[in-house]
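Biologist: I would like to learn how to read a protein model, feature by feature. Could we go through one together?

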Amino acid sequence: LQAAAPGSKEQQTFGALLEETQRLKRIIRSLLLLAQADAGRLPLVRQPVNLTEMLQGIIEDAKILAEETKLHFEAELPAAVILSADRALLHTALFNLLVNAVKYNEPGGRVRVALTTQAGWVTLMVGNSGSGIAPAEQPKIFDRFHRVAAAHGREVEGIGLGLSLAREIVRAHGGELSLRESVPGWTVFQLQLPFPAE
C-alpha cells in the first residue's frame, strides 16, 4: 500500500484490502473474547482506571463519527471516578455503547451520557434520540449476530456482536448491562459496575 502510487488503482485495491483485513481482525477478536466469556475465562488485567477520563476520550471519538449526522452530545460526568478494571476491555464495552448511540440515531439528534455513583455502584446511562427499538426486538438485542433495523431503512455497519460483547465484559467485572427503556425518539442503556470494583 505504501509503495503504490498515490491515487492509483493499486492503492485503492490495497486500501480496500487493508480495511477488510482490519474488519475481520475486529470480528475475530470479538469472537475470541466471547468464547472466553462462555468458558468463564475472560482474562481481566485489573488496574486503576479513571472512568471519567476514559468516557471523555470515547465521547470525543464518537463526535468524530457523528460529524456527518451533526449529533449533539450531552455529558454529565463527575470529576474523577476511579475503578479497578481491565482498561482495554472496559474501553471496548464503553466504545461499543457510544458507537451504537451514534449509529442508531437520527440526523441532528442527541446522545446523552450520564455517570453517577451511589451505594457501592457506578451507573452509566447512555441515551440516544433514535427511532427506538421495537418491543419484539428488545429481548433479542444482546443476542450474538442480532442486528436491529435502523430508521428509514438505513443500512448500519456492523455484524451484531457489539452489545453482546459489551455485556459479557461488564459481567466479567461483576456488573450488568441492560436496556433501560426504548420508545420512539429515545433509547437508554444502563451499565452498572461495583464501585469500587471488587
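Biologist: Which residue lies over the face of W186?

Modeller: A charge sits over a ring if NZ of Lys or CZ of Arg is within 6 Å of the ring centre and within 35 degrees of the ring normal. Here R110 lies over the face of W186, 4.3 Å from the ring centre. Before going on: this is a predicted model, where local features need pLDDT of at least 70 and side-chain atom pairs count only at pLDDT 80 or more, while totals for chains, interfaces and linings use all residues. Residues are numbered from 1 along each chain as its sequence is written, and side-chain values use heavy atoms, with hydrogens and water left out.

Biologist: In what order do the strands of the open sheet come?

Modeller: Strands of a sheet pair through backbone hydrogen bonds, either parallel or antiparallel. Two strands count as paired if DSSP finds at least two bridges between them; strands (E, at least two residues) and helices (H or I, at least four) are DSSP runs numbered from the N terminus. In this model five strands run in the order β2-β4-β5-β7-β6, with mixed pairing. The edge strands, β2 (72–76) and β6 (176–183), each pair on one side only.

Biologist: How many bridges join β5 and β7?

Modeller: Eight bridges join β5 (residues 121–128) to β7 (residues 186–194), in the antiparallel sense. Within these strands, V122 stands opposite L193.

Biologist: Which strands does helix α3 touch?

Modeller: Contact means heavy atoms within 4.5 Å. Helix α3 (residues 87–103) packs on the sheet and touches β2, β4 (110–118), β5, β6 and β7.

Biologist: Which residues have the most contacts inside the largest nonpolar core?

Modeller: A nonpolar core is a set of buried Ala, Val, Leu, Ile, Met, Phe, Trp, Tyr and Cys residues joined through side-chain atoms within 4.5 Å. Buried means under 20% relative accessible area, exposed over 50%, and partly exposed in between (1.4 Å probe, protein chains only). The largest core has 40 residues, and L51 and L94 have the most contacts inside it. Its largest share, eight residues, comes from α3.

Biologist: Why is the pair of F142 and F189 edge-to-face?

Modeller: Rings of Phe, Tyr and Trp (its six-membered ring) pair if their centres lie within 6.5 Å; planes under 30 degrees apart count as stacked, over 60 as edge-to-face and the rest as tilted. The ring centres of F142 and F189 are 6.2 Å apart and the planes lie at 90°, so the pair is edge-to-face. F142 is in the loop between β5 and α4, and F189 is in strand β7, 47 residues apart. F142 is buried at 10% relative accessibility, and F189 is buried at 7%.

Note on methods:
Axes fitted to C-alpha atoms, helices over the stretch in contact; angles between N-to-C directions.
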